[in-house]
Protein chains: 6
Amino acid sequence: MAQVKLVNYEEATAEVRAVFDDIMKTRNTEYINNIWRALAVHPPLLKRFWLQMKEVMVKPSKLDPLTKELIYLAVSVNNNCEYCITSHTFAARRHGLDDAMLAEFNEIVALANAGNRLTMGLQVEPDERFKPKHDDKAWSVGKKPAATRKQPKPSR
Amino acid sequence: MAQVKLVNYEEATAEVRAVFDDIMKTRNTEYINNIWRALAVHPPLLKRFWLQMKEVMVKPSKLDPLTKELIYLAVSVNNNCEYCITSHTFAARRHGLDDAMLAEFNEIVALANAGNRLTMGLQVEPDERFKPKHDDKAWSVGKKPAATRKQPKPSR
Amino acid sequence: MAQVKLVNYEEATAEVRAVFDDIMKTRNTEYINNIWRALAVHPPLLKRFWLQMKEVMVKPSKLDPLTKELIYLAVSVNNNCEYCITSHTFAARRHGLDDAMLAEFNEIVALANAGNRLTMGLQVEPDERFKPKHDDKAWSVGKKPAATRKQPKPSR
Amino acid sequence: MAQVKLVNYEEATAEVRAVFDDIMKTRNTEYINNIWRALAVHPPLLKRFWLQMKEVMVKPSKLDPLTKELIYLAVSVNNNCEYCITSHTFAARRHGLDDAMLAEFNEIVALANAGNRLTMGLQVEPDERFKPKHDDKAWSVGKKPAATRKQPKPSR
Amino acid sequence: MAQVKLVNYEEATAEVRAVFDDIMKTRNTEYINNIWRALAVHPPLLKRFWLQMKEVMVKPSKLDPLTKELIYLAVSVNNNCEYCITSHTFAARRHGLDDAMLAEFNEIVALANAGNRLTMGLQVEPDERFKPKHDDKAWSVGKKPAATRKQPKPSR
Amino acid sequence: MAQVKLVNYEEATAEVRAVFDDIMKTRNTEYINNIWRALAVHPPLLKRFWLQMKEVMVKPSKLDPLTKELIYLAVSVNNNCEYCITSHTFAARRHGLDDAMLAEFNEIVALANAGNRLTMGLQVEPDERFKPKHDDKAWSVGKKPAATRKQPKPSR
């Protein structure tokens, strides 16, 4: 049972309805998942989280949709978030994931966890050759063009 | 400083050298990463972990190499394994990851963590429609063909 | 060493400069932290993360600024994020946290981790009386006002 | 189902009853939560954990009771401890947390997780100016007053 | 650099010195680790944590000292606590852990993490036969002996 | 409900049956746990994970069986894997763990989590004297015996 009452469309404010409408339109469905109905108790949060999800997960980008779902799912498995594993496995299947691929995906997640722990437990240090190499300069306000620079307060 | 001394080629046993040779051949390199040199203090572990890594990450499969690296990396970021983030970001770059994609990848990892915590904190339950639906039968030994079934011990 | 080159003001695009300017103005400083300079390699991410940080952490809300910093810090300690612990302990000190309060804070974080593990390890189930009680209705598209409801496609 | 049988008052030893009595008195209730009934299978653990909880969470201190509950809850959400989220959300509500504040709290937890992962994934290093500055001296036994110092064993 | 100044013996209060003395006596050493010197900024925390450590880790109990260190270490590896891995690997070596056992230990930690994630990712449910079976009765104040039961306040 | 259908003996391929048979023989039982039935959807994964489990957890080694189970369980509690806590507590009980030892075990896990967070939150650095001391030489291909060294490709 969620810690807050799930909001339904007819009891929603105009602000919440606008988000629900956008979710349904974007996803081409008339169903709103429980998470959005829960977030609706605090409309600014609902709005912020939906806009992020839309920009990061829905909007076309350099990574393809299935890869994006698998990255999201890898995190969800690591955090053991039942809701998220359920809904994002469902989403990944819609993008073509089958049982064998799901098993393969989970084996990589398992192997990464194993490899991480071996490395952490034995405190192995990164090889020099794999470290990034760039020459970072310290931040300096002197590098801001004069026009936008803060003026020292006049002494009185 | 690793908890164990990093093994070098000339002091390695034949068993360890065989693994080192296979790593170098498989990866077409003459360099052995610190993690393998650390695992070499316990040859059976070195062998098991390398064989898994080779079968899961190197052998061609349904998921493409960059996707596999990104799944591995997502776990490593979540576990904050510096060694693993360093070496697998390096590997992912070799498979075509650029700065913008790395940023995009990390934003998905960040968003998934945010979404996971919102769901967990509010204890939102999975929607029925996203749950898998299959009819699992209980395991039953009666379903084993008679020939391989354990015989009850004769009473005396 | 960060995985990406830290962006400096004079090499930044107009889009990035606008965010840097807003950070400096909002925080009344001429210094930009490393995290923002790193995120600047992918301007849409920089913008999204800054806007969220500003709305959630800076904008006045029901929770006071020190409490907000301590919630943020509790998560950062749990995830062992050195950068985040360093910068948010600094921020919390600015809001009045002293050594004794920092120690008290960390003891609560430690105690919660202990309590969580005792409960998880012994698999203790939540007491009925602490569970939320509300009567959630299933989502139903019939509850959308007719005007905004999707029309069935006309058959031809 | 807990891994151990929940102890009831009438079957409890005197040692356990003393703790149960103190919990009921301190909290002004006649109800004992499941966690205490589970810990009662090992009385020294029950006693130690209750005394800590009482000193850290109940005893007045520099941090106010709601802030303390929210720090505890932030950890519990991060660890996904269902029991702890349920009972400490209940406790926080008793100290004045309403739905909007709960949502705001969870958004901070979510944002912190997002920020942590962005920083960890990109391996951003702490800014020098946020690091603590103090001059730690090495521990030296010579600094113990002579009277309490261990005497070298007399040579024979 | 620790977030608080490490306390030295000669600047410590009597309360802190008493704990330092007990640590040195219990461990038969004249050296105090950094963690205790840091906790000393808040003496009640120093005292509570040391007493627990002493009762749980030092005092003889059903589990042998090496097993206890390995349980502590398994958690520390999982949480990637560098300080804790360093100091408890050192402690475990004192109790007889050698390189091969350390490697074996870390392989179990790695395997458990792999097994955990496979189970969580595929959402496999516990087999009925492994669940604990006991008949818990609800807590009932009626079960408290009458003498200690709270009296209803007399109405006036 | 698992994300994949649990495989039963009579519908299993020969490859899967061979693993099931080995599990039953090794464990002297006619029952196959849910996890193996789930992994059976991807036979190479089933095989790899079982062989590892057999070599690491079943095969006699320097660490005794109960200690190995407790290390595995410590990780499972830390990751809050319900399936794993249930099945490995069951296994540990078979190796002699009783209620008081289980409580003691969980208190160590809890204490380690508390200690880890105190150390991480206060960013205490490892004492020099606990750090491993060995003199690692850089990997050098020149150290490979000439016979196995890669020959430079002949220029043409």
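Two residues are in contact when heavy atoms of each lie within 4.5 Å. The model examined here is predicted. By this rule, 65 residues of chain A are in contact with 65 residues of chain B. The size of an interface is often given as the accessible area lost when the parts come together. For chains A and B, that area is about 6,200 Å². Carbon and sulfur atoms account for 69% of the buried area. On the side of chain A, the residues that lose the most area to chain B are A:Ile108, A:Leu111 and A:Phe130. Together these three supply 11% of what chain A buries there.

Helix α6(A) gives the most, with 18 residues. By class, this side of chain A holds 37 nonpolar, 17 polar and eleven charged residues. The count of salt bridges between chain A and chain B is four. A salt bridge joins the side chains of A:Glu104 and B:Lys68, with N and O 3.9 Å apart.

Elsewhere, salt bridges that share partners join A:Arg48, C:Glu55 and D:Glu107 into one network.

The contact between chain F and chain A involves nine residues from chain F and twelve residues from chain A. The area buried between these two chains is about 790 Å², and carbon and sulfur atoms give 49% of it. F:Gln3, F:His42 and F:Leu45 supply 56% of the area that chain F buries against chain A, more than any other three residues. One salt bridge is counted between chain F and chain A. Its side chains belong to A:Glu107 and F:Arg48, with an N to O distance of 2.6 Å. Three residue pairs are in polar contact across this interface, both residues being at pLDDT 80 or more. The side of chain F that touches chain A has four nonpolar, four polar and one charged residues.

Side chains of opposite charge can pair when their charged atoms come close. Over all chains, the count comes to 43 salt bridges. Within chain B, the side chains of B:Lys54 and B:Asp22 meet in a salt bridge at 2.8 Å, N to O. B:Lys54 lies in helix α3 (residues 43–58) and B:Asp22 in helix α1 (residues 14–27), so the pair ties together parts that are 32 residues apart in sequence. B:Lys54 is partly exposed, with a relative accessible area of 28%. B:Asp22 is also partly exposed, at 21%. Chain D has a salt bridge between D:Asp22 and D:Lys54, whose closest N and O atoms are 2.8 Å apart. This pair links helix α1 (residues 14–27) of chain D, which holds D:Asp22, to helix α3 (residues 43–58), which holds D:Lys54. D:Lys54 is partly exposed, with a relative accessible area of 27%.

A charged residue in chain C lacks such a partner. C:Glu69 lies in helix α4 (residues 65–79) of chain C. C:Glu69 is buried yet has no salt bridge. The nearest side chain of opposite charge, C:Arg27, is 6.9 Å away. A salt bridge requires the nitrogen and oxygen to be within 4 Å. Beyond residues up to four places away in sequence, C:Glu69 touches C:Met57, C:His88, C:Ala91, C:Ala92 and C:His95.

In chain E, E:Thr86 lies in helix α5 (residues 82–94). E:Thr86 is buried, with a relative accessible area of 3%. A polar atom of the E:Thr86 side chain lies 2.8 Å from the backbone oxygen of E:Glu82. Apart from neighbours within four places in sequence, E:Thr86 is in contact with A:Gln123, B:Gln3, F:Pro126, F:Phe130 and F:Lys131.

Note on methods: Residues are numbered from 1 along each chain as its sequence is written. Chains are lettered from A and ligands numbered from 1 in the order in which they are written. This is a predicted model: local features need pLDDT of at least 70, side-chain atom pairs count only at pLDDT 80 or more; totals for chains, interfaces and linings use all residues. Side-chain values use heavy atoms; hydrogens and water are left out. Buried area is the accessible area (1.4 Å probe) that two parts lose on being put together, summed over both. A polar contact is a pair of N or O atoms within 3.5 Å; within protein, one must be able to donate a hydrogen and the other to accept it, and residues adjacent in sequence count only if both atoms are side-chain atoms. Ala, Val, Leu, Ile, Met, Phe, Trp, Tyr, Cys and Pro count as nonpolar, Asp, Glu, Lys and Arg as charged, and the others, Gly among them, as polar. Helices (H or I, at least four residues) and strands (E, at least two) are DSSP runs, numbered from the N terminus. Buried means under 20% relative accessible area, exposed over 50%, partly exposed in between (1.4 Å probe, protein chains only). Lys and Arg count as positive and Asp and Glu as negative; His and the chain ends are not counted.
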